[in-house]
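I opened the model today to look up a few contacts and the packing. My notes follow.

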Amino acid sequence: MPERVETTDPDGVDYAWVMQTTFVVTIVVGAPLVAVLSLGTHLPTWDDRLGFAVRVGAVVWLVVAVAVFLYARRRAE
């Protein structure tokens, strides 16, 4: 019987886990952070609001992605 597709045995960092965890943590942390930071910012139009959310969300995603990758690399060793 062939091995099931859902199982993996990664050598080193499991990049699928890193991507999935980054996605979830970015949403859970990023959405409230964008909302809180937008309270003190003057955003009169929807374009301004969208641009603000993209800029802050990009920084949150980058920080979370690096942190999750470093955690996974340390755990894999």
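Which side chain does the side chain of Thr-45 join in a polar contact? I found Asp-48, at 3.1 Å. A polar contact is a pair of N or O atoms within 3.5 Å; within protein, one must be able to donate a hydrogen and the other to accept it, and residues adjacent in sequence count only if both atoms are side-chain atoms.

Before going on, I noted the ground rules. The model is predicted, so local features need pLDDT of at least 70 and side-chain atom pairs pLDDT 80 or more, while totals for chains, interfaces and linings use all residues. Residues are numbered from 1 along each chain as its sequence is written, and side-chain values use heavy atoms, with hydrogens and water left out.

**Overall.** I count two helices and zero strands. Helices (H or I, at least four residues) and strands (E, at least two) are DSSP runs, numbered from the N terminus. Of the 77 residues, 19% are buried. Buried means under 20% relative accessible area, exposed over 50%, and partly exposed in between (1.4 Å probe, protein chains only).

**The loop.** I placed Thr-45 between helix 1 (15-39) and helix 2 (46-76). Thr-45 counts as partly exposed because its relative accessibility is 37%.

**Helix 2.** I see 31 residues here, spanning 43 Å from first C-alpha to last. That is close to the 45 Å expected at 1.5 Å a residue; the expected span is 1.5 Å times one less than the number of residues. Its buried residues are Phe-52, Val-56, Val-60, Val-64, Ala-65, Val-68 and Ala-72. They pack against helix 1. An α-helix has 3.6 residues a turn, so residues three or four places apart point the same way.

**The packing.** I read an angle of about 140° between helix 1 and helix 2, with axes 8 Å apart. Axes are lines fitted to C-alpha atoms, for helices over the stretch in contact, and angles run from 0 to 180 degrees between N-to-C directions. The residues of this contact divide into 18 nonpolar, six polar and one charged. Ala, Val, Leu, Ile, Met, Phe, Trp, Tyr, Cys and Pro count as nonpolar, Asp, Glu, Lys and Arg as charged, and the others, Gly among them, as polar.

**Thr-26.** I find Thr-26 in helix 1. Thr-26 counts as buried because its relative accessibility is 14%. A polar atom of its side chain lies 2.6 Å from the backbone oxygen of Thr-22. Leaving out residues up to four places away in sequence, Thr-26 touches Ala-31, Val-60, Trp-61 and Val-64; contact means heavy atoms within 4.5 Å.
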